[in-house]
Number of protein chains: 2
Amino acid sequence: MQPHATHAPDFDAVLTAAARIAPHVHATPVLHARTLNAIAGCELHFKCENLQRSGSFKFRGACNAVFSLTNAEAARGVVTQSSGNHGGAIALACRIRGIPATVVVPRNASRAKLAAMEAYGARIVFSEASQASRDETTATVLDETGGVLVHPFNDARVIAGQGTAALELVRHSPGIDALIAPVSGGGLLSGSALAAHGNDPAIEVFGAEPEGARDAHDSLRLGERVTGRTADTVCDGLRAELGTLTFPIVSEHVRDILLVDDAQVIAAMRLLWERMKLVVEPSAAVPLAVVLANPARFAGRRVGIILSGGNVDLDALPALFAMAPRPS
Amino acid sequence: MQPHATHAPDFDAVLTAAARIAPHVHATPVLHARTLNAIAGCELHFKCENLQRSGSFKFRGACNAVFSLTNAEAARGVVTQSSGNHGGAIALACRIRGIPATVVVPRNASRAKLAAMEAYGARIVFSEASQASRDETTATVLDETGGVLVHPFNDARVIAGQGTAALELVRHSPGIDALIAPVSGGGLLSGSALAAHGNDPAIEVFGAEPEGARDAHDSLRLGERVTGRTADTVCDGLRAELGTLTFPIVSEHVRDILLVDDAQVIAAMRLLWERMKLVVEPSAAVPLAVVLANPARFAGRRVGIILSGGNVDLDALPALFAMAPRPS
């Protein structure tokens, strides 16, 4: 699947996106918990994109892409591939604009996320799990429909849209000196970095990545994109690799990518459920896990965190929590 | 345990409480979800007291009581009895004021709620589960310490404090024409009714009660307090009976008490977790369950709901959800 909008986005693109999507997105709350601050040794500002429409920040980028289309483009519909939140977000954005959405979904996608795409009225086309099969099926659907491809992250419209969450956060909580977002394909992280540095170039921006999907960490160290690995992590939203558009932005703006293992992620997720009373998915807990694993780096600072999403199958919870038993 | 502050509170008392506790409480967000509105057939405004400090609305009443004390009274400390959220709330309010708190707790109290009281620095004194044993132990502690009793609901300062959540809600969401709060001892419901009717006497105020603890429903029908029953419900926050102070306020201000069974409560709780991404305890889901069980009554209306708390033991979730299997 090739990117559609290939010009690199900038801070102005984030501002444009913010104005474009304002009628459709929730200005999600920024929440705090003193007990978590005490545990972390710093001041945490959580931007609650789990409370965003469709249950994740992905709705911002999807909205910006879908509402950027001309009427002629839009009429042919939008095509994407996703096993998760991006598909649901595109489905909802297209329903709001009143145009068709087709999502190419690997057969092993989670039932809960598939149900969300269907509930928002998307047409689902199944492929095999391999990237080759997903790309082939996507190309076939594009041929058949003449629709517009909206890539989950390697798309300037999507990157700019994802940056609007961080834009709201740094405006809401002045003085934030560190910002942490999970990193997968890099759409959220690169958009967040553009938004943060457009407001204040001194903000240190970090990516938070699971050990089992550490391509972004290694790409930054190597200075070139690491690709072709197989991800192994409980964070089902963080299994993609940096794209051609997102890697340069991450390289320029991101101070470091910090790694944590799955048990640390689930322990942080449990803290967010218990102390913040927020339903977040594992991927959304990676930044807090990073803070807890690097106390010296964040001690006493004002730290912004993007809580990226809340789409988790409640029936899977006991298995998740079993990965990080509570101290007794 | 007899009430300490026995004068009936009024709307002015709610206003006074709001100003008194403002430095200490969170002005919790009011959240919405279009998908839930579509399911319910009305416009739902959720006041998120699960995001309140100590994890429930109880912190408002506790703060108002604790910060109403003179320095001389406060110095002797506060005594209360609680198996749950009120104990944690009193513990936190006393820690903030810097005075001792003692909570008389029945031996069968939940581990999670006990841990919260201890974490906030309260002294725990165990009693047997019977009300007689709890009262006897409380009297002994009061004798020993010379402390001030703050009853969980039958206390004018507590009632006024609990009303501040509804005050914030009706001011945040003008035009609400129905307000629903869970009812147990009636502190939240009577305070909410005072707050709502102080703003707009036309607002219909409803109590939401589990079938297995329907004393408030029956008391309203009979015109006198029903007491001495044994509650049987999964809603561990709703097992008390109306008090001498709360019953007259409920009788005057509340349009009706609506009943739902435990399976309906857990199904509504699951919706709040899945659609709102909010961790709420069973007791907090009773108002939504009531809306879903009475569609004609609320159709097309603007309905305010107090999400009363979020203190639930995550390890107990599978057992809770098993009570209301999802439709397959």
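I started at R270(A) and D315(B): their side chains form a salt bridge, 3.2 Å from N to O (a side-chain nitrogen of Lys or Arg within 4 Å of a carboxyl oxygen of Asp or Glu). I was looking at a predicted model, where local features need pLDDT of at least 70, side-chain atom pairs count only at pLDDT 80 or more, and totals for chains, interfaces and linings use all residues. Side-chain values use heavy atoms, leaving out hydrogens and water, residues are numbered from 1 along each chain as its sequence is written, and chains are lettered from A in the order in which they are written.

I then counted salt bridges between chain B and chain A and got two. For contacts (heavy atoms within 4.5 Å), I found 28 residues of chain B against 28 of chain A. The two chains bury about 2,100 Å² between them, 60% of it on carbon and sulfur atoms; buried area here is the accessible area (1.4 Å probe) that two parts lose on being put together, summed over both. R34(B), K277(B) and L314(B) supply 31% of what chain B buries against chain A, more than any other three residues.

**Symmetry.** How is chain B superposed on chain A? I get a rotation of 180 degrees with 0.0 Å of shift along its axis, RMSD 0.0 Å (least squares on C-alpha atoms of residues with pLDDT of at least 70 in both copies). The two copies are therefore related as by a two-fold rotation axis. In chain B, L278(B) has the C-alpha nearest the axis, at 2.5 Å. Both copies use the same surface, since 100% of the contact residues of chain B recur in chain A.

**Helix 11, chain A.** I listed the buried residues (under 20% relative accessible area, 1.4 Å probe, protein chains only) of helix 11, residues 246–253: T246(A), F247(A), I249(A), V250(A) and H253(A). Seen down the axis, they fall within an arc of 165 degrees, so they line one face of the helix; the arc is taken from the directions from the helix axis to the C-beta atoms. Helices here are DSSP runs of H or I with at least four residues, and strands are E runs of at least two, numbered from the N terminus. Among the packing partners of that buried set I noted helix 8 (156–172) and strand 9 (254–260) of chain A.

**Q52(B).** Is Q52(B) buried or exposed? I find Q52(B) buried, at a relative accessible area of 3%. Q52(B) sits in the loop between strand 2 (43–48) and helix 3 (58–68) of chain B. Its C-alpha is 7.8 Å from that of G309(B), 257 residues apart along the chain.

Terms used. Buried means under 20% relative accessible area, exposed over 50%, partly exposed in between (1.4 Å probe, protein chains only).
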